[in-house]
Amino acid sequence: MIRSHFFSLTSAAVLGATLLCGPAMGFDLTRSMTESFPPAIGITPEDNPTNALPDAVDLSFEDQLIELVNQERWANGQLAPLKRIDLLDTSSETHSTNMAARNFVMHCDPDTLTMPWDRMNAAGYNYTSAAENIAWGYPTPVDVMDGWMNSQFHRANILSTTYREMGNGYFNQSGDQGDIRTLDPFTTSCTPNSFNNGPFFRYWTQNFGKRSSVYPVVIDRETTVTESRDVDLYIYGNWSEMRLQNENGVWTDWLPFAVNSTWQLSSGNGTKTLNAEMRGGSTVVSASDTIILEDTSEILFIDGFESGNTSAWSTVTP
């Protein structure tokens, strides 16, 4: 995310203002054009072996981004964790891929004239509020998060309490040639008026959103992998009661609702699913989340050697 735009949308109405800042550009539709924005800057990454990677979406980088976002939210007031969802991953990946392929870094696609809300709608995400951060050039998730967190309006998106869900899109273009089309500060047009010489290689997008009727459940602040069956849960909303279930197991009784609670995943390593139902009055909603369990507390041995074959072997705790 090297120079990035910031986009924020709180309703279907478009108010319109642009921000161009730091290594990331921001497009914020709820703020006045009279606000002062940091000057636009761009950096060209040094050539390194990462640039030789095949053209690809990097899912591991996207996994890291959601964890970093929720770490920042915890560190800045213990804010509610955002739930990662496939629909916003799709809209984000689409934009990062298009920016790389067609040499632009803007919220508005200068060739198709589509805006962030168009991409979210096309992915099937029917938001009530939404936001977008974009950037180019940063080599790692940690680097781009540092850039965004040091940019006032990108930081505001990451730490906003308006949104409940997010998705990430990272694309590495090994043969990137540069000549990136962008917009100068204070420009609301979709016609590029600035060019930056590359190559930049890496293109990043974050989409944030909220759907009025969706109340996510989040396991361990959306960590990808856990080593413990004991996890923390965060459930959005204000309900009277809730009940929980592992995969297709037995539901708990209806319990008093708690935004924060603890839970034990089912035994055995692999992908685990937590299902939740919440109710208040005549309204009942459901949600689910997944996490990968890699519990190393129990290791299988035979003749003193560790093995992955579980047949007829004893389980011991080292």
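Let me start with two helices: H4 and H5, the latter covering residues 152-159, pack at an angle of about 105 degrees with their axes 6 Å apart. Axes here are lines fitted to C-alpha atoms, for helices over the stretch in contact, and angles run from 0 to 180 degrees between N-to-C directions. Helices (H or I, at least four residues) and strands (E, at least two) are DSSP runs, numbered from the N terminus. So H4 is roughly perpendicular to H5; under 35 degrees counts as roughly parallel, over 145 as roughly antiparallel, 65 to 115 as roughly perpendicular and the rest as oblique.

This is a predicted model, in which local features need pLDDT of at least 70 and side-chain atom pairs count only at pLDDT 80 or more, while totals for chains, interfaces and linings use all residues. Residues are numbered from 1 along each chain as its sequence is written, and side-chain values use heavy atoms, with hydrogens and water left out.

The chain averages a pLDDT (the predictor's confidence in each residue, from 0 to 100) of 79, and 73% of the residues score at least 70. Residues 10-43 have a pLDDT below 50, yet this stretch has 126 contacts (heavy atoms within 4.5 Å) beyond near neighbours in sequence.

Back to the helices. From H4, Met 145, Trp 148 and Met 149 meet His 154, Arg 155, Ile 158 and Leu 159 of H5.

What does H4 meet on the H1 side? The axes of H1 (residues 59-75) and H4 (residues 141-149) come within 9 Å and cross at roughly 40 degrees, which means H1 is oblique to H4. On the H1 side the contact includes Phe 61, Leu 65 and Leu 68; on the H4 side, Val 144, Met 145 and Trp 148 are among them.

Finally, the aromatics. The whole structure holds seven aromatic pairs, counted for rings of Phe, Tyr and Trp (its six-membered ring) with centres within 6.5 Å; planes under 30 degrees apart are stacked, over 60 edge-to-face and the rest tilted. In one of them, Phe 61 and Tyr 170 have ring centres 4.9 Å apart and planes at 55 degrees, so the pair is tilted. Phe 61 lies in H1 and Tyr 170 in strand E7 (residues 165-172), so the pair ties together parts 109 residues apart in sequence.
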